[in-house]
Amino acid sequence: MDCLFCAIVEGSIPSKKAYEDDKMLAFYDINPQAPVHILVIPKEHISSVDGINDENSAIIAAIFEKIPAIAKEAGITNGYRVVSNCGDDAHQTVKHLHFHILGGQRLEGRMA
């Protein structure tokens, strides 16, 4: 499998880590779309939101339980946005499930 995020999990591609445990990795986006832009990924390869199922949904729950602490640790104090693009029409460029934490300023009201 040729997956950029799997390579980051393996450590063969470096990243600036925000958080890591046995289920997930959070790291700063190299092309930030907000003052704070962190990607949170499951360490297990799941292709997108469409790949969430009974066998892996506990990992996704753990990610969402940890997102508030990751945002707080990154200094986001007045709100943030969590986004996941799913599929080509949504511009999912890396086919490994990931959640963008965007914050550090007042964000645009429009999502697109």
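What volume does the largest pocket have? The legends below begin with that pocket. The model is predicted, so local features need pLDDT of at least 70 and side-chain atom pairs count only at pLDDT 80 or more, whereas totals for chains, interfaces and linings use all residues. Residues are numbered from 1 along each chain as its sequence is written, and side-chain values use heavy atoms, without hydrogens and water.

**View 1. The largest pocket has a volume of about 760 Å³.** Of its 34 lining residues, D29, Q33, H37, N85 and H100 are the closest to the centre. On a 1 Å grid over the protein atoms alone, a pocket is an open set of points where a 1.4 Å probe fits, with protein on both sides within 12 Å along at least five of seven lines; lining residues have an atom within 4 Å of a point. A volume is the space filled by probe spheres set on the points. The helix α1 (4-10) and the strands β2 (24-28), β3 (36-42), β4 (80-83) and β5 (99-103) each give two or more residues to the lining; helices are DSSP runs (H or I) of at least four residues, and strands (E) of at least two. By class, the lining has 17 nonpolar, eleven polar and six charged residues.

**View 2. The second largest pocket holds about 180 Å³ of space.** Its lining includes I76, Y80, R81, L102 and L107. Four nonpolar, five polar and two charged residues make up this lining.

**View 3. H98 lies in the loop between β4 and β5.** This residue is buried, with a relative accessible area of 6% (buried means under 20%, exposed over 50%, partly exposed in between, with a 1.4 Å probe and protein chains only). The H98 side chain reaches the backbone oxygen of H96 at 2.6 Å. Beyond its neighbours within four places in sequence, H98 is in contact (heavy atoms within 4.5 Å) with residues including F5, L39 and V83.

**View 4. The structure holds two aromatic pairs.** F5 and F27 form an edge-to-face pair, because their ring centres are 5.6 Å apart and their planes stand at 75° (rings pair if their centres lie within 6.5 Å, and planes over 60 degrees apart count as edge-to-face). F5 belongs to helix α1 and F27 to strand β2, 22 residues apart. The rings of F64 and F99 are also edge-to-face, at 4.9 Å centre to centre and 75° between the planes. F64 lies in helix α2 (residues 57-73) and F99 in strand β5, so this pair ties together parts 35 residues apart in sequence. F64 is partly exposed, at 42% relative accessible area, whereas F99 is buried, at 5%.

Notes. Ala, Val, Leu, Ile, Met, Phe, Trp, Tyr, Cys and Pro count as nonpolar, Asp, Glu, Lys and Arg as charged, and the others, Gly among them, as polar. A polar contact is a pair of N or O atoms within 3.5 Å; within protein, one must be able to donate a hydrogen and the other to accept it, and residues adjacent in sequence count only if both atoms are side-chain atoms. Rings of Phe, Tyr and Trp (its six-membered ring) pair if their centres lie within 6.5 Å; planes under 30 degrees apart count as stacked, over 60 as edge-to-face and the rest as tilted.
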